[in-house]
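Work through the exercises below with the sequence and the structure in view. Each task is followed by a solution in steps.

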Amino acid sequence: MFRKIDDKTYASPQITVEDVAEAQALGIGLIVNNRPEGESDDQTPGAEIEAAARAAGIAYVAIPVSHAGFSLPQVEALDAALASAGDAPVLAYCRSGTRSTLLWALTQAKRGMAPDQIAACAAGAGYDIGPIRAQVDMLAAHG
């Protein structure tokens, strides 16, 4: 269920409290929730994931991304969260993993990673950055 994007980052569809144990077994040091609360009736509330993560010794941060799109503050928040994780792997999740991957892509572009490398990493995990490729190119050019 956890898809490896790069050496440090995994993306996932919605996780449950039980999935936190799998994250712990992988050595995940930070869980990032990119899903707005109440998006659907079947999602596990972020507070439950946060409590399970903290009980497992895993940091937790919520950076909700709605279907309205991405903002620079969200990119900066993920950049800070990734930096705070140090060398520990990070698991980001949303409904399907796509928004988490796209936010990761924008963050890497802002850090200066080459757009083609970003696209290849995302594709290797089964995600397409096509819908935000122009923004990735722009951020990488100005990163």
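**Exercise 1.** State the strand order of the open sheet and find its edge strands.

Solution. This is a predicted model. Its open sheet has five strands in the order β1-β2-β5-β3-β4, and the pairing is mixed. An edge strand pairs on one side only, which holds for β1 (3-4) and β4 (59-62).

**Exercise 2.** Describe how β1 is joined to β2.

Solution. Strand β2 covers residues 9-12 and runs antiparallel to β1, with two bridges between them.

**Exercise 3.** Which strands does helix α2 lie across?

Solution. Helix α2 (residues 46-55) lies across β3 (30-33), β4 and β5 (90-93). Relative to β4, helix α2 runs at about 160°.

**Exercise 4.** Classify the orientation of α3 and α4, then describe their contact.

Solution. The axes of α3 (residues 72-84) and α4 (residues 98-111) cross at roughly 80° and come within 9 Å. Angles of 65 to 115 degrees count as roughly perpendicular, and therefore α3 and α4 are roughly perpendicular to each other. Contact residues include Leu72, Leu78 and Leu82 of α3 and Leu103, Trp104 and Arg111 of α4. By class, the contact of α3 with α4 has eight nonpolar, three polar and four charged residues.

Note on methods. Residues numbered from 1 in each chain as written. Predicted model: local features only at pLDDT ≥ 70, side-chain atom pairs only at ≥ 80, totals over all residues. Heavy atoms only, no water. Axes fitted to C-alpha atoms, helices over the stretch in contact; angles between N-to-C directions. Helix = DSSP H or I, 4+ residues; strand = E, 2+ residues; numbered from the N terminus. Parallel < 35°, antiparallel > 145°, perpendicular 65-115°, else oblique. Contact = heavy atoms within 4.5 Å. Nonpolar A, V, L, I, M, F, W, Y, C, P; charged D, E, K, R; others polar. Pairing = 2+ DSSP bridges.
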